[in-house]
Amino acid sequence: MMLAKLLAAALSSCCVAIPVTFKADFRGRQVAPGGPYLVGTFQSWNIPNAIALTDGDVDGIYAALLRSNAGFKFLNGSAWEHAEILPLACSTADGFAYYYGYGDENAHRRLNIAENATSAAMHACFNECEPCDALGLCKTYDCPPYYALKSSAWELTGASRGTCCDAVGSGKGSIVVRSAGYSDGNHAEFWLSLCCAGRRNWELLYSTGARGLTVVELRPGSLGGYIVKHTETFDTFLDSSKLEDYLSSVVAGNLILIAAVDEASASLSQQAKALMATCGAVSIQQMAFRSSYALIGQKGGSALSEDISREGSGSVVAAATVTLPEKLPPLCKMFNCFWGALTYVLRADALETPGNSLETCCETAGAGEQSLVVRSAGYSDGNRAEFWLNGQKIYATRTRGLTIVDLWPNMTVKHKETFDTFTDSSSMVAYLSSTANGNVILVGAVDEASAAFSQEAENALRECGATFPQPLSFRSAYALIGIKGGSKLSEAAQVEGDGYAVAVAEVKKPEPVVTMCKMYNCPSGYALRADAMETLGASVEACCEAAAAGEQALVVRSAGYSDGNKAEFWLNGQRLYETRKRGLTVVDLWPNMTVKHMETFDTHADSLPMAAYLNSTAKGNVILVGAADDASAGMSWEAANQLRDCGATFPRPICFRCSYALIGIKGGSKLAEVGTAPGKGKAVAVGVLVPELLRFLPVDGGVNRACRGQSPGDNSGDHYVVVNGIETLQACKMECIRAEACVGIEHKGSRCEVWTRPGGVQASIYLYGFTCLSYTQPLASTATTTMASTATTSTRATTTRFAAVDGGINRACRGASSSDNAASHYTVISGIQELGDCQTECIQVVGCVGIEFSKGRCEVWSRPEGIQASIALNGFTCQRLVSATRRLGMVLLP
C-alpha cells in the first residue's frame, strides 16, 4: 500500500487547515453503489474513515465541506482500488514514472490554496484536473505508451489516462483512426502504439487534410510489430477507380486503415464499397455527403473497429487493440561463425535457416579464404549496419545513409565513411569514383538511404558490382560485397519490415604480386626496355638493356590520389626528385642533363604559375612532368598550351585524380607520355635520349620543310654536304654532330644534307616529305667525338662561352659608344627568368654576338660589330658571345 508514502508527503505541509469545499464531478460517469468518497491527510488516509460525498441537487456533482490543508483523492466507491488515477498536471506524481505507467498511480491531488485565504473550493471531474464540462471527448485524447483508448469511453468527456485508456499488455498494440468531414474538423489522423516491439511511444503514422478517402496499409514486421507499407489519399469526390485498383492489390492479412476528409462520397462506386467490405467495412454503405468515416480492418477479414457519422455530427474514431505478429526466430545470417585456431564461414545456403550454432550455420573455411559479412537494417528493422572480416567486427554504425568500407585487395582497411544518401549522394559518388579498381567494397544501409540516391550513385555502385541498388525503397535494408571495377560477390536487399539484409562472401587473399618492369629502377648504364614495361619481373635481365654511348635514361612515375599519391623522377638509375605534393611537378633539365629547376605547382587550385614558368624556360630543355593527388581542377587552357609546347598531347583535360607522366622537349616533341584513370595504377613514362640530339630545333615547324640559306631562293650547293644512305632522321642528326661547323640538316628518305653555311639556316620552303632542323653548337666543351671516313680520322672539341663586358654585373650593353642603344642592335625576348636561359636564346640565333639580361627580359644582340660599350645599371648583366676552336693544340680566333 502506498498510504505511508502519501502520508509522508502530506505531513510535509505546514499550512493551517481552512474550510474547503470539495466537488467531485461525475457528470456522464457511472457512480459506484454507495457513492463516491474523499480521503486525505485530514483523516490519515484511512479508508474505513473515508468521507462520503453527497449530491443534494442530483446534478452529478458530489460535494463535502471540511477543513484541509494538503493532499486528497476521490474514490468511486469505498475501496482503495476505486481511487482515481490523476493526471500529472494536478498530482504529486513523478512525470517520467506517470507517463510510462509504472509508478505513482497512488499519488494524491495537490490542493492549491491562495496565500492568506480563509476558505477555498475545488471542482474537478473524477480522474481529471478540470470540471467535466470543460473537457473534450476521450476519442480525441492520445493515450500514453502501452495504453489504448477504451471503446466504452469514446463519447465520455476526459483528458487523462484514468478516464480514457486501458493498459495494453505485452505483445499487444493499439491503433486509432480519426476522421472529420468538411464541417466537423476536415482532418484525418492515424496513430499506432506497439507494446514491447521496439517502439516506446505513440507514433502518428499519417495525418492529412486532403479531400477523399485516405488509406494507410500496415504489414507484419520481422521484429514483431507492424510496418507502414503504403499511405495514399484517393479523391473519391471525383473518382474511385484508383482506390479500387489499390484495394484489389492488397495482400490478405495486411491491416487497412481508412479515414474520410472533406467530401468522400460523391464518386465512391459500389465496386469500391465492395472492395472495402473485403477489408471488413460494413457502415460504408451509409456514406453520405461530407460524412466522417473511420475504419480499422484486415484484408480478407473483418473490421476491428468502424465508425461513421453524418455531416455536423462531429468527428468519428475507430480504435482497436491488436495482437502483434510474432518475431522471426534467430536466423543463421545473424550468427557469427568462429574464426580462430579453427576457421569457419557462414554457409550461404543456411542464411535464412533458423539456428544459432556453429553446426547449423557454418562450414570450414577453405585454404586462404577470407570471410566477409555485411549486415544492414533500415529504420524499422534494427537501424544498424555491421561489417565483419574473419569473425572480427571491423565497423558498426547507426548513422543514416549508406556506409562504405573500402578494403585493399590484401584485406586491410583503406577507408570507412557513412554518406547521408537521404539528403545527398554526390560525396559517395566522388569517393567511389576515386578509389582503386580491384578494391573490395562493402556497403550497408542504415535508417533511410534512398531519398537522394541519384542515377550517378546507382552507376557508381554498379561499378562495384551492384545489380539492384536503384530504386532503393524507403527505409529498406541493403548490403553489398563487391569489387571496384568488377562484379558482386554478394548482394541482398529487404523492404522495410522484412528484417536485416545480409551479404556473405568468401574471398582468397591475393598472392604477392611480382613488380612490373616499369616499376624497376635500372642501374646506371642501362635503360628500361620499352617492350618489357608491363612484364612481371624485378631484375636487370628481365627489364633492362644496355644504354648506347652517350644515351641518357629518364623515368617519370606518377600516382594520383588513389594509386599511391606520389611523383618520382629518375635519371640514369638515380632519383632526381620525389614528392607527394598535390598538383603537377616540373623538373627542368638543361640539354646537358643537369637540373635547372624543380617545382611543384598546385594545379588543383591554380595553373597560371606553372604556365608562366614553362613559358619562361629555354627551348631545347628537357621537361619532366608528374602528377600527384589531383592536378586537374585548376588546369587552364593556358597551362595546357604550355605543356603542348613541351610535346604533351593530352594534358587537357587531365581527369580528376588521374596519374600523368611526361618527358618532353621545350619547343619540340614528346619522348614519352602516359596517363591513367584513377584506380588504374601508376602512369610511367620512359625515355632514352642523346643530349646532343636536343640541340636540333625545327625551322618554320620543321616537318614538310626544305632548308634554305639567306632566303627561300638560296639553295647554293656550297651551303651543305650531301650524305646518302642515311635512312633515319636520327642518323642524319648524328652525321651533323660528327661534322665540322654543322649548323643544321635537311632529311628525306635516305638523303641527308649536312648544312655548314656560316650564317646558318635562315629560311625554308614547303616541300612535302622533307624535314629541316637547325643545330646549335654546345655551350661548353665536355665531349670529344670521332668522325670516321674512308680516308681520314679527325678529332675536335668546340667550346662556346660568354665573357663579361666591363665586369658584366650591373651593366647594360651598348653599341659603338655608351649612348648607342639603337633598337636595331638586338631583339627583346620577354619572360626569361634565368641568365642561362637568355644565353640559350642567344646561341640559337644565327649572328648573335651577346646578351643583356634582367629578370624577365632578355636582349639578344646581333649588331655585326658586336657589343663595344656598356653603362652602369643595377639589375642588368651584359655579356659577349666568345667562340674558340681548338685544333691540334692551336687556338684559332675568328
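Reader: Why does S562 count as buried?

Author: Buried means under 20% relative accessible area, exposed over 50%, and partly exposed in between, with a 1.4 Å probe and protein chains only. S562 has 4% relative accessibility, so S562 counts as buried. One caution: this is a predicted model, where local features need pLDDT of at least 70 and side-chain atom pairs count only at pLDDT 80 or more, while totals for chains, interfaces and linings use all residues. Residues are numbered from 1 along each chain as its sequence is written, and side-chain values use heavy atoms, with hydrogens and water left out.

Reader: Where is S562 found, and which residues does S562 touch?

Author: S562 sits in the loop between β31 (552-560) and β32 (566-571). Strands are DSSP runs of E, at least two residues; helices are runs of H or I, at least four; both are numbered from the N terminus. Contact means heavy atoms within 4.5 Å. Leaving aside residues up to four places away in sequence, S562 touches W408, K414, S434, T435, A436 and G679.

Reader: Which residues of helix α7 are buried, and what covers them?

Author: In α7 (residues 426-434), the buried ones are M428, V429, Y431, L432 and S434. Their cover includes β23 (401-407), β24 (413-419), β25 (440-447) and α8 (455-462).

Reader: What makes a set of residues a nonpolar core?

Author: The members are buried Ala, Val, Leu, Ile, Met, Phe, Trp, Tyr and Cys residues, joined through side-chain atoms within 4.5 Å. The largest such core here has 22 residues. L213, L243, I258, M276, M287 and Y293 have the most contacts inside it. At least two residues each come from β12 (212-220), α4 (241-249), β14 (255-262), α5 (270-277) and β15 (292-298). Another core, of 21 residues, lies apart from it; L194, L218, Y226 and L257 are among its members.

Reader: What does M287 touch?

Author: Not counting residues up to four places away in sequence, M287 touches L213, A260, A264, S265, L268, Y293 and I308.

Reader: How many helices and strands are there, and why is the chain called more spread out than a compact globule?

Author: The protein chain has 13 helices and 51 strands. Its radius of gyration, taken over C-alpha atoms, is set against a globule rule of 2.2 Å times the number of residues to the power 0.38. For 894 residues the rule gives 29 Å; the chain has 47 Å, well over that, so it is more spread out than a compact globule. Along its principal axes, the C-alpha trace spans about 145 × 70 × 65 Å.

Reader: How much of the chain counts as buried?

Author: Of the 894 residues, 52% do.
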